Amino acid sequence: MEAQVSNSTKMILLVLNCLLLAIGNCGGPLIMRLYFIHGGKRIWLSSWLTTGGWPLILIPLLIAYFHRCSSTTTTKLFFMKPRLFIYTAVVGLLTGLDDYLYAYGVARLPVSTIALIVATHLAFTAGFARLLVKQKFTSYSINAVFLLTVGAAVLALHTSGDRPNGESNKEYILGFILTLSSAALYGFVLPLIELSYIKAKQAITYTLVMEIQLVMCFFATLLCTVAMLINKDFEAIPREAREFELGETKYYVVVVWSAIIWQFFFVGVVGIIFYASSLLSGIIIAVLIPVTEVLAVVFYHEKFGGEKGVALVLSAWGFVSYFYGEIKHSKIKTSDEVPQTEMAAGNTVVSDHA
């Protein structure tokens, strides 16, 4: 982490990344579902759009590069070392596979059901974070995971009537299973990103984090591109655009904004992992699930029963519990560091007088 950045600046950047994650996490599935509701059928195309906006990351990277050039005569264009590049590429391929599993679920299930199933990723994230990066749990973080998991279980009470009209039971079940697999895989990917920071064997700065995001999304998109070529999706896009219920122009608007909004999600995720932890990113994603549910009710007129209201309260409670624990832990850590700093300063004064 960049030593020059103050704690207050880190907090501001953490909040900014939380906002980016919120926009991507809530807007991504809604606009993806919009594509399928109005005649879109290409699952690999939807998967491709999830990370296909990766060139947008070049903008802040180029700005950072030219800023470095203005302050020094020699600077690197790319900080990532080969070891980290290979590691990140593997994570990217796993992300591409996860994108397909998720897109298949969105094609078959309502947004509210998708949000419910994705909530299970929190348990997977917590387990893999403990296994891969030795994530320490406090009573507050355990309480947050418990409350958010219970919230997801409460949401499960309303899913019996969620199957879309005209969809077979087999398609619905397969969509459910693949979405659950997506949640499990992404619960593995989040701690894997954090582990890549630890195993990088080089200083991790936010510029490097953006490079990691770029490489990860590039290889995820590469996997989806190969699959689209095999499936002849690129050839089908013009025809699908002409047949889109909202019109050809709006088809391309939906496609472009889908790529942009999903980039907000990925930038937010890697930023939160950098400034906090993979567990926090998982908790925030879980907290946003009821928000996505409410937006699905507003835009797609999905049902909002008492179960969703209870889940919303439980999620908010879990979110507050986690951050209260983090603030309390930060204060304890600061109070412990102050006496040590004063002692070190006292020893320095004695040495100077000697």
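Mentor: Start with the residues in contact. From α9, T225, M228, L229 and N231 take part; from α10, their partners are D233, F234 and I237. Keep in mind that the model is predicted.

Now the geometry. Helix α9 covers residues 206-231, and helix α10 covers residues 233-243. Their axes lie 6 Å apart. The packing angle is about 75°. Angles of 65 to 115 degrees count as roughly perpendicular, and α9 and α10 therefore stand roughly perpendicular to each other.

Step back to the whole protein. The count is 14 helices and zero strands. Read from the N terminus, each element in the order is therefore an α, as the run α-α-α-α-α-α-α-α-α-α-α-α-α-α shows. Take contacts between residues at least 6 apart in sequence: 86% of them join residues at least 24 apart.

Next, burial. Of the 354 residues in the protein, 48% are buried. Helix α5, residues 111-118, is a case to look at: eight of its eight residues are buried, so α5 is largely enclosed by the rest of the structure. The buried residues of α5 are V111, S112, T113, I114, A115, L116, I117 and V118.

Last, the surface. The protein has an accessible surface of about 17500 Å². Carbon and sulfur atoms account for 69% of that surface.

Key:
Residues numbered from 1 in each chain as written. Predicted model: local features only at pLDDT ≥ 70, side-chain atom pairs only at ≥ 80, totals over all residues. Heavy atoms only, no water. Axes fitted to C-alpha atoms, helices over the stretch in contact; angles between N-to-C directions. Helix = DSSP H or I, 4+ residues; strand = E, 2+ residues; numbered from the N terminus. Parallel < 35°, antiparallel > 145°, perpendicular 65-115°, else oblique. Contact = heavy atoms within 4.5 Å. Buried < 20%, exposed > 50% of the residue type's maximum accessible area, 1.4 Å probe, protein only. Areas by Shrake-Rupley, 256 points an atom, 1.4 Å probe, with all protein chains shown as cover.
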